[in-house]
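Please open the structure in your viewer and keep the selection panel at hand.

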Amino acid sequence: MSRDTSIHGLPFSEDNRAVQRLFDLLPYGGLVQNRYTKVLSKKWDAFWETTRPRLNTPPREANVTRKRILVLSLSAYSHPRWPALQGPKSDWKFWVMLGMMSGWNVDVVADSLPAADSSRAPTKENIRRFIQALLKDNKAGDQFVLVYSGHGDTQGLVLADGSYVSHQELRTWLVKPLNSGSTLWTFFDCCESSNILGLPHKVSCDGNQSIRCQPAPGYVGRGDTGVRGTVISTGSAAGPSGEMDLTDSNQAAQCGPLAFAAYTFFCSVLKGGEPLLAKFWPSLTGLLKRSPGQEPQITASSILQNPLLPMLRPLSA
């Protein structure tokens, strides 16, 4: 599919107005109908139903192999040290849309859902509960994605009241439960996220779209010999680029660099090619403004061989 910068190319346009229009139309089924948008509209309708208050029941997968995405989004902060963010309000929509278009089961914990739902508010307990449900009974061949958009610092992910989900808690909840043959991708769009999971290998991408692994800086060993599954973590260490401005003359909008990089990367994959990790990395780093002490990184629990980003692969039909 060729690039189209008008809203008639929805949902695969890189024009900012088209992105904003997409978010307006999704809840109302107003998309141009084609094989992709029919799938998207159907899944979006089902998603809105599941965001109503309900028990956290596991999704019903059509296939034996699980493909699940959990998106965590925090925009409202009550602690005076942490200002409110606008980007996460758009970020979860980007990731939900891309997950649905790739045929994955999607779940969201956010403070900006269209209907208030305390069971999905991004508290520590809800985050822990949804992560446990995400990875429950995982097995070989299963693939999972965890996305976080919000504030972060050296102590971990920042919650609304200024408390934290610590690095060790993230490792306990995300890394340790993985069984052999399962894969977890994490995307942390926040400050101080270079190697938030403390993984042993830093992944570098060169201009030839290949990767190489080397020891992660400062890695001191945290028992990774016991990690059974594969973890691949991307940290934007967003710094001053954490709130990208998509505003036009009619509507204000912001988003995080990781979400927008994933969206534009998905558009490029539609035009041809494989969603290689080495290709995705330049899509992200080209959006980032570096700040002292902040370094975007891909890290992994084991040495990789140029993997594909499975949740950014469009449905074949």
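How many salt bridges does the structure hold? The structure, which is a predicted model, holds eight salt bridges.

**First stop: salt bridges**

Select Asp-142 and Arg-66, whose side chains meet in a salt bridge with an N to O distance of 4.0 Å. Asp-142 lies in the loop between α4 and β3, and Arg-66 in the loop between α2 (35-50) and β1, so the pair ties together parts that are 76 residues apart in sequence. Asp-142 is buried, with a relative accessible area of 0%. Arg-66 is likewise buried, with a relative accessible area of 16%.

Next, select Arg-120 and Asp-117, which are joined by a salt bridge of 3.8 Å, N to O. Arg-120 is buried at a relative accessible area of 2%, and Asp-117 is buried at 10%.

Proceed to Glu-295 and Lys-202, where the side chains meet in a salt bridge of 2.9 Å, N to O. This pair links distant parts of the chain: Glu-295 belongs to the loop between α7 (277-285) and β13 (297-300), and Lys-202 to strand β8, 93 residues apart. Is Glu-295 buried or partly exposed? Glu-295 is partly exposed, with a relative accessible area of 31%, whereas Lys-202 is buried, with a relative accessible area of 16%.

**Second stop: helix α4**

Select residues 124-135, which form helix α4. At 1.5 Å a residue, its twelve residues should span 16 Å, and the end C-alpha atoms are 17 Å apart, which agrees. Which residues of α4 are buried? They are Asn-126, Ile-127, Phe-130, Ile-131, Leu-134 and Leu-135. Viewed down the axis of α4, the buried residues fall within an arc of 150°, so they line one face of the helix. An α-helix has 3.6 residues a turn, so residues three or four places apart point the same way.

Display the surroundings of this face: the buried residues of α4 pack against β1 (67-73), β2 (105-110), β3 (143-149), β6 (164-166) and α5 (167-175).

Just after α4, select Asp-137, which takes a positive phi of about 55° although it is not a glycine. Asp-137 is found in the loop between α4 and β3, and at 56% relative accessibility it counts as exposed. Then select Glu-192, in the loop between β7 and β8 (201-205). Glu-192 has a positive phi of about 55° and is not a glycine; it is partly exposed, with a relative accessible area of 29%.

Select Phe-94 and Tyr-263, whose ring centres are 5.3 Å apart and whose planes stand at 65°, so the pair is edge-to-face. Phe-94 lies in helix α3 (residues 87-101) and Tyr-263 in helix α6 (residues 257-270), so the pair ties together parts that are 169 residues apart in sequence. Phe-94 is buried at 0% relative accessibility, and Tyr-263 is buried at 1%.

Move to Trp-95 and Phe-187, whose ring centres are 5.3 Å apart with planes at 40°, so this pair is tilted. Trp-95 lies in helix α3 and Phe-187 in strand β7 (residues 183-189), so the pair ties together parts that are 92 residues apart in sequence.

Notes:
Residues numbered from 1 in each chain as written. Predicted model: local features only at pLDDT ≥ 70, side-chain atom pairs only at ≥ 80, totals over all residues. Heavy atoms only, no water. Helix = DSSP H or I, 4+ residues; strand = E, 2+ residues; numbered from the N terminus. Expected span 1.5 Å × (residues − 1). Buried < 20%, exposed > 50% of the residue type's maximum accessible area, 1.4 Å probe, protein only. Arc of directions from axis to C-beta. Contact = heavy atoms within 4.5 Å. Phe/Tyr/Trp six-rings, centres within 6.5 Å; stacked < 30°, edge-to-face > 60°.
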